[in-house]
Amino acid sequence: ARLEPFASSIIEQFAGRRVVGLWLPIVIIAAYFTVIWLFIRRSKGRAVAEIRWIGVCATAIAFTGTSYALVLASSPTTTSDVFDIWIARGTSPSHSLAVADYLSMLPATRGESTVHVKNRQVQVVPTPEPGATVVDSSVHYQGPSVRYQAEKARIRTLALDGQVALPGLSARATARPDALVVELENQSSYDLDNAFFKLGRRVVPVGPLARHERKSIDIGPATGPDVVDRYESDQILDSAGRLRHTILRTLFVDPSLQSDEEFLTKSYRGAEQGTSSDSLFAGWINRSLLDVSWSQPEGATTSRALGLVAIEPEWEFGESRFLVPRGGMTMRLPERGVMQFYFGRSAFRGDQPASSSLGIEFVVPPWAQPAEIEQATLFLKFSAQAYRLVVNLGNERLSLPEVPSGRFPLPASALASRDPRAIKFQLVVEPTTEFADKRVRQGHRWTLREFEVECLCRRLPKEDD
């Protein structure tokens, strides 16, 4: 889990811009024009016009010096800043996490600086940075050390990869016939903020999980077209919340924030992130996981950190029959033609009919295997004016409205005649009779905001049982 190629913009957003307030240049410009106007008004009637313009130039020079002095006096105090953004991922109940760390320094002065990382299982990842001057890089018993030439007020970033220990954080999910129960426990030395549980392509907000705190969430069957699906409960985000969402959007595709021109096939890791069906528990920590020291020639140093820790849960089964809630099945897109309409998660959009049927498969997730599907419900949200949607399950066409939206139980006959571990759909998007002419439907789009299933499964004996 890395932030490339957006690491630089995320670091810049985290660091912020220290600038003088807008009031200062406005006051200076207004005062400048006022003095010039008074000077010209008072100098009317004098015989020598050159004296008037000599005075104007002298006034301009004086104001320039005064403006520069005011800018220096009102500028923020110059300090050396360290910004640490990191992503760590592991598996419960293991204490070892794989970490990708972006350590950025904003020096207050020019000169040589040295960064010491006192974590033995962390190494520096080479990243080309124009204008950066690395003097020396070495690896000691305690960890890597990098000496470089610092430029005043210019960010230098080191990318670090490795393993760190974070004991005390655990997540256990129990699959039952009526719900998926997730038990979370934080016995670490860190407080988790804005935690969430990601079940496949669905996100459930958890909120803060302080040290020595436990929480339990139940993810039951979906009863309507809308379910809770967001990272945080708060709808209004501050600057820190916007930064968190920027990082999450880099790691996980959100089709609701993508324009019709942002095809996943053209974006970095787009298809991989879009179809991701992994389940994990994650939360934010406002401290660094690494033990880092930074030698700066002079001046005070401030430090800020923000990291996302994510762990895959342990899985248990209360009974032989269990629920895989909406969004939890593994989704596959076996045909390449469907990618031109795919925008992440289970969202599809287009401005033309599909030249062939769109294949979408839902498979029992790895944590639930071996198992077979006994019952299934389809959830879809289709909207269009010039198009209609046809959904085929195997050789059977589902009885759906022309513009379907809502919850539709799948017929047992169609489920019984196919692979018991997967549900394979074939979707056809075609123009309606009124818009059969291509010129008439020009400019019309169709949107499939969701195409998901929820299944009741039954465990099968393992081969070695």
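Before the first stop, a word on classes: Ala, Val, Leu, Ile, Met, Phe, Trp, Tyr, Cys and Pro count as nonpolar, Asp, Glu, Lys and Arg as charged, and the others, Gly among them, as polar. Keep in mind, too, that this is a predicted model.

**Stop one: a cavity.** Searching the whole structure turns up 2 cavities of 30 Å³ or more. Head for the second largest cavity, with a volume of about 30 Å³. Select F348, L358, I360, L389, L427, V429, W446 and L448 to show its lining. Colour that lining by class and you get 8 nonpolar residues, no polar and no charged ones. Now bring up β20 (358-363), β25 (422-431) and β26 (446-459): each gives the lining at least two residues.

**Stop two: the sheet.** Zoom in on β18 and β20, which pair antiparallel over 3 bridges. There, T330 sits opposite V363 of β20.

**Stop three: the cores.** Which residues touch the most other members of the largest nonpolar core? Select F281, F425 and F451, out of 85 residues in that core. Centre on F281 and, beyond its neighbours within four places in sequence, show its contacts, including L169, L184, F196, F197, V206 and I311.

Conventions: Residues are numbered from 1 along each chain as its sequence is written. This is a predicted model: local features need pLDDT of at least 70, side-chain atom pairs count only at pLDDT 80 or more; totals for chains, interfaces and linings use all residues. Side-chain values use heavy atoms; hydrogens and water are left out. On a 1 Å grid over the protein atoms alone, a cavity is a set of points where a 1.4 Å probe fits but cannot get out, and a pocket is an open set with protein on both sides within 12 Å along at least five of seven lines; lining residues have an atom within 4 Å of a point. Grid points are joined across faces, edges and corners, and a volume is the space filled by probe spheres set on the points. Helices (H or I, at least four residues) and strands (E, at least two) are DSSP runs, numbered from the N terminus. A nonpolar core is a set of buried Ala, Val, Leu, Ile, Met, Phe, Trp, Tyr and Cys residues joined through side-chain atoms within 4.5 Å. Buried means under 20% relative accessible area, exposed over 50%, partly exposed in between (1.4 Å probe, protein chains only). Contact means heavy atoms within 4.5 Å. Two strands pair if DSSP finds at least two bridges between them.
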